[in-house]
Amino acid sequence: MRNRRTYIFFATYFLVIFFWLFFCYRQVQKACLEAGHTVQSAILFVSPVWENEREAEGEAHTEEVEKADEKISETVVPEEEPVIEGENLGEGEEADRKTETIRVVLLGEQGTNHKKILLEADGEKLEIGQDAPYFKRTDIIRISVTGTKDGVIQVLNLDKACGHPSYKGILEIRKEEEGLVLINEVPIEEYVKGVLPSEMPAAYPLEALKAQAVCARTYAKMKQESKAYPEYDAAVDDSTACQVYRNLNTAPEGDQAVEETTGEVLRKEDGNFVDCYYYSTSCGRSAQISVWHGGETKRPSTTKSQEEITDMNKEFFDFISQCHEEHAESEEAFYRWHYRCEKASDKTVFARSAARRAINDKLVWAQNRETGKELEISGKALGNILDMSVVERQDGGVADCVKITCEKGDVYVWGEYNIRYVLAQGGEVKLQNDAVYQAGELLPSAFISLQSICNDKGNMVGYIVEGGGFGHGVGMSQNGAKQMALAGSSYKDILETYYSGSVY
């Protein structure tokens, strides 16, 4: 009986001690939250950010950029010749470039806004919603990770080609009325490693990967100067609107390419960054940045006669309907392709044109042929479609304007992206190797020859597109870089080929 009482005494004693320690732990945790620094665990750390800290961060970021700008190479080369900056750096300069960070907005199904964010690091999970206690006194928190082998945080509410992506650096979460904004702040070299496999297959030759690494880094640095999301102090997002980031896992080959070109970027003679745009496959010709009509303040117009339009389209048809063996990419599947829409829907053409008009009415609009009065883009306002034709091309032959001739007026569609969008009505695109590609939202490129199919009444019922290449055609062709590398060219040879003038 005495032993039993002893056991009960000690059990009660330890139980009281346990509850006392648990109470103390909760009080300390609450005090930490009120003080502005909450330790979630030994792995994930959540730190609220106050207004004055944001200002200090912004000043520090500005000083960092200014210091980086002071290191710009003074090398002068012939006009428009790109300079590869970053070679032969001192140890201090190399360390600075490796630690320079970039802020990337991570997009979800609802764009920049997320309903909730679910994180995991080394088996520990953390769910954050808009009502999370971290937002009690601030609308910005920063999450870092420690004590793990790889130092990454996996975001379980994002689904990409690699599954749930993982990120190094810091994850910043901002609470807004529409939802939570998620930002990854990461060293720029780690960012480039995250971009490379998502933009170029890791199986490509090393020299092609190195050229891609320099392009990706240059683009990122360029966007640092003109941020895509200034309201978040973020240079880019992780989508095709900027550069695809962390859609696929990093690969040793890509990491090697980034490390062997650390800090290297392309600059023009005037010190500005080269516009390092790139795309998948060339048709043998390239396009210029003006193909997007960026910053257009008034509607472009065409003054070509019907004879000039006919000659222009014949010349391009003769080019695009043939395979030119001298082109490096002549064996690539997308070098030449064919798209036939035998049952074109006027309703779909009008709807897709109207969708692009809503985005930029300076590039897509409809008007009465006789009066010039603007019309609604609909069957009721325009009647049946009679014909579609390319009426403007830029140097190289890329379609710049498609005219949709209707019974009661005309629709004008300017810009390569708009044209690719309007002409895509689903179905199959047949590639030159007999493979099939689904048209989806866009045709592969705007390097196209367009021919209408009309019925006995003169109404268009379909159309045929002979095309070549994949992508916008501006800058470096990635498959062209691959072929050059396979032929023995270095990454510097590749960059000089694509960024020192037009490619024909």
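Reader: Which helix gives the most to the lining of the largest pocket?

Author: Helix 10 does, with four residues. Helices here are DSSP runs of H or I with at least four residues, strands are E runs of at least two, and both are numbered from the N terminus. Before we go on: this is a predicted model, where local features need pLDDT of at least 70, side-chain atom pairs count only at pLDDT 80 or more, and totals for chains, interfaces and linings use all residues. Residues are numbered from 1 along each chain as its sequence is written, and side-chain values use heavy atoms, with hydrogens and water left out.

Reader: OK. Is helix 10 largely enclosed or open?

Author: Largely enclosed by the rest of the structure, because seven of its eight residues are buried. The buried ones are E416, N418, I419, R420, Y421, V422 and L423. Buried means under 20% relative accessible area, exposed means over 50%, and partly exposed is in between, with a 1.4 Å probe and protein chains only.

Reader: Which elements supply at least two lining residues each?

Author: Helix 4 (188-199), helix 5 (206-225), strand 15 (278-279), helix 8 (346-359), helix 10 (416-423) and helix 11 (478-486).

Reader: How does the lining divide into nonpolar, polar and charged?

Author: There are 24 nonpolar, 16 polar and eight charged residues. Ala, Val, Leu, Ile, Met, Phe, Trp, Tyr, Cys and Pro count as nonpolar, Asp, Glu, Lys and Arg as charged, and the others, Gly among them, as polar.

Reader: Switching to electrostatics. How many salt bridges?

Author: The count comes to 26, taking a salt bridge as a side-chain nitrogen of Lys or Arg within 4 Å of a carboxyl oxygen of Asp or Glu. One of them pairs E100 with K221 at 2.9 Å, N to O. E100 sits in the loop between helix 3 (91-99) and strand 4 (101-106) and K221 in helix 5, so this pair ties together parts 121 residues apart in sequence.

Reader: Are E100 and K221 buried or exposed?

Author: E100 is buried at 11% relative accessibility, and K221 is buried too, at 9%.

Reader: What about K304, which residue does it form a salt bridge with?

Author: E392, with the closest N and O atoms 2.9 Å apart. That pair links distant parts of the chain, 88 residues apart: K304 is in the loop between strand 15 and helix 7 (306-320), E392 in strand 19 (residues 385-393). K304 is partly exposed at 31%, whereas E392 is buried at 10%.

Reader: Now backbone. Which residues other than glycine have positive phi?

Author: R246, near 60°, is one of them, and D434, near 75°, is another. Most residues other than glycine have a negative phi. R246 lies in the loop between strand 13 (236-237) and helix 6 (252-259) and is buried at 11%. D434 lies in the loop between strand 22 (428-431) and strand 23 (436-438) and is exposed at 72%.

Reader: Last one: which residues form the nonpolar patch on the surface?

Author: L15, F18 and F19, with about 340 Å² of accessible area together. Areas come from the Shrake-Rupley method with a 1.4 Å probe, and for residues only the protein chains shown count as cover. Patch members have over 30% relative accessible area and no salt bridge; like charges are joined within 9 Å, and nonpolar side chains (Val, Leu, Ile, Met, Phe, Trp, Tyr) within 5 Å. F18 lies in helix 1 (residues 2-35) and counts as exposed at 51%.
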